[in-house]
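Me: I have this structure open and would like to go through parts of it with you. Could we begin with one residue and then widen the view?

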Amino acid sequence: MSIAVNAAPKTSLDWHQWAERLHLEGRHFIDGQFVHAKGSGVFPTVNPANQQILTQVARGQSADVDTAVQAARVAFQKGAWSRMAPRARMAVMLRWAELIEKHSDEFALLDTLDMGKPISEMLQVDIPLGLLCLRFTAECIDKLSGRVGATPSHVLSYVLHQPLGVVACIVPWNYPFLMTLWKIAPALAAGNSVVLKPAEQAPLSAALLARLFVEAGGPPGVFNVVQGLGEECGKALALHMDVDKIAFTGSGEVGKLMQIYAGQSNMKKVTTECGGKSPHVVMADVKDLDLAATWAAMGVFGNQGEVCCAGSRLIVERGIEKEFVEALRRKAHALHQPGDPLDPLTQMGPLVTREHQQRVLGYIDIARKEGAQCELGGDVPQGMEAGAYVSPTIFSQVNNSMRVAQEEIFGPVACVMVADDFDDALRIANNSRFGLAAGIWTRDVDKALRFARDVECGMVYVNSYMDGDMQMPFGGWKESGNGRDKCMEAIVSYTQSKGVWITL
Ligand code: NAD
């Protein structure tokens, strides 16, 4: 679970030296070429570890979005991709994966510089998981099939799954490379053209992905990137009359806007992958409390706590709460010390922006005012004031009605609550407007199975947390959204069915 320390770059330079020389591309990528924004507008992207400007990025407006959507539509209609033989499309995607792998150090650096994630985490989590998604999805291309219906003998009826057309992928900053691949890989595999809108806080790795797609043999215009701010560029894309689907990952607030934009425009399909406040339950009969605490710490402090399915509501059965909090504190201390994200030993970087750091510190203040007990952290780590850091923070004596137990903080803040028994733990777990993930630690198979059956969410873990493989759907219930990433179901969601009825 902890990130092994084996993260040297493939060159003789160290990460800092290489970061100095790295090419940072901030332009749009449309119809196979890098282009400036039509209005020449730009915005800065900032390194959250030191607040220095990395580069200027194209500030796309509706005119840029129009051009990108048009390029995507023309490419779709030409059919070089949308009608390519399935195994030929698969071959391009597998070549693309190979090229990405060759450039993995660059991808790791780009996301680390842009959003603060430790370089070792990039190399050992984001990049391998992104590649796995791309390869899995490519391999699924010729496994998708329609069906023939049971009809009277004078009729042949069959159902086709056909690509939608132009898909807008709008993604967040917390896993820029990985979340982007979770969207674009199935969208492209299904034969669609894509217009990607990266998050303005972490826009840089998208450009390299797009360039390598064309190098791998992807036809120009099939995969386009428009950079810009959410309420300008993202909104123009989501409202566009010639976009057939919005595949969105981000906050619930903006996810709801996506549904409104679809209604205000052409009723395009919308899938949303939104936030969470996931319950992670530890029963008193847990086999190994230390192991549960290790996963609990990883589940809430991993990726600086900027994880949609973070197990940030820790629900502990009465009687073991002191022991559990102590173990959690030890694990946080040992495994999640904030540091320089370019140091391969670092396991926790700064938060994405100064603004987000202030938001998280604001929640820490709220927790104190609501009467929660701060057991660890609750501040900016000493000597790290130049970056957007927040110490791993643990609150005990949290009540599920407190704001910090109900609202997504999206930072390294654990809220520990006590439950009287299994039924109470389940009741607390389900008392949330979110429903992304949930976990339980217990030796009792009856409790494990009842929890898996009755907890209201899209992903359940028993005696582990945030585990799984490509076949397990990733997505939520309730206000955590309606989409499913990763699995075969995800690819199907980028198609539309067509029923054909032939009278013989
Ligand atoms: P966000 O909603 O602020 O932004 C997401 C994307 O939407 C960005 O590209 C942004 O530019 C764009 N956007 C913002 N306002 C827009 C508007 N008015 N119109 C069109 N586009 C707009 O989210 P974020 O802060 O980037 O990411 C954090 C959120 O993402 C958290 O809530 C987290 O839980 C969620 N998330 C969910 C999953 C999941 O799979 N369920 C995965 C990762 C992150």
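Me: Is His103 buried or exposed?
Reply: His103 counts as buried, because its relative accessibility is 17%, and buried means under 20% relative accessible area, while exposed means over 50% and partly exposed covers what lies in between, with a 1.4 Å probe and protein chains only. Please keep in mind that this is a predicted model, in which local features need pLDDT of at least 70, side-chain atom pairs count only at pLDDT 80 or more, and totals for chains, interfaces and linings use all residues. Residues are numbered from 1 along each chain as its sequence is written, and side-chain values use heavy atoms, with hydrogens and water left out.

Me: Okay, and where does His103 lie?
Reply: His103 sits in the loop that runs between helix H3 (86-102) and H4; helices here are DSSP runs of H or I with at least four residues, strands are runs of E with at least two, and both are numbered from the N terminus.

Me: Which residues does His103 touch?
Reply: If residues up to four places away in sequence are not counted, His103 touches Leu208, Arg211 and Leu212, where contact means heavy atoms within 4.5 Å. By contrast, Arg433 is 330 residues from His103 in sequence and 40 Å from it in space, C-alpha to C-alpha.

Me: How do H4 and H7 pack?
Reply: Helix H4 (residues 104-115) and helix H7 (residues 204-215) pack at an angle of about 155°, and their axes are 8 Å apart. The axes are lines fitted to C-alpha atoms, for helices over the stretch in contact, and the angles run from 0 to 180 degrees between N-to-C directions. H4 and H7 are therefore roughly antiparallel to each other, since angles over 145 degrees count as roughly antiparallel, those under 35 as roughly parallel, 65 to 115 as roughly perpendicular and the rest as oblique.

Me: Which residues make that contact?
Reply: On the H4 side they are Glu106, Phe107, Leu110, Asp111 and Asp114, and on the H7 side Leu204, Ser205, Leu208, Leu209 and Leu212. Sorted by class, the contact of H4 with H7 has six nonpolar, one polar and three charged residues; Ala, Val, Leu, Ile, Met, Phe, Trp, Tyr, Cys and Pro count as nonpolar, Asp, Glu, Lys and Arg as charged, and the others, Gly among them, as polar.

Me: And at what angle do H8 and H9 pack?
Reply: Helix H8 (residues 230-239) and helix H9 (residues 252-264) pack at about 45°, with their axes 8 Å apart, and they are therefore oblique to each other. Lys235, Ala238 and Leu239 of H8 meet Met258, Tyr261 and Gln264 of H9, which by class gives four nonpolar, one polar and one charged residues.

Me: Where do Ser40 and Lys486 lie?
Reply: Ser40 is in the loop between strand S2 (33-35) and strand S3 (42-47), and it counts as exposed because its relative accessibility is 57%. Lys486 is in the loop between S20 and helix H16 (488-492), and Lys486 is buried, with a relative accessible area of 12%.

Me: What is Asn174 in contact with?
Reply: Leaving aside its neighbours within four places in sequence, Asn174 is in contact with Met115, Lys117, Met179, Asn303, Glu306, Val307, Cys308 and Phe410. Asn174 lies in the loop between strand S7 (166-170) and helix H6 (176-189), and with a relative accessible area of 5% it is buried.

Me: Last one, how many helices and strands are in the chain?
Reply: The chain has 16 helices and 21 strands, and 60% of its 504 residues count as buried. Its radius of gyration is 23 Å, which agrees with the value near 23 Å for a compact globule of 504 residues; the radius is taken over C-alpha atoms, and the globule rule is 2.2 Å times the number of residues to the power 0.38. Along its principal axes, the C-alpha trace spans about 70 × 65 × 40 Å.
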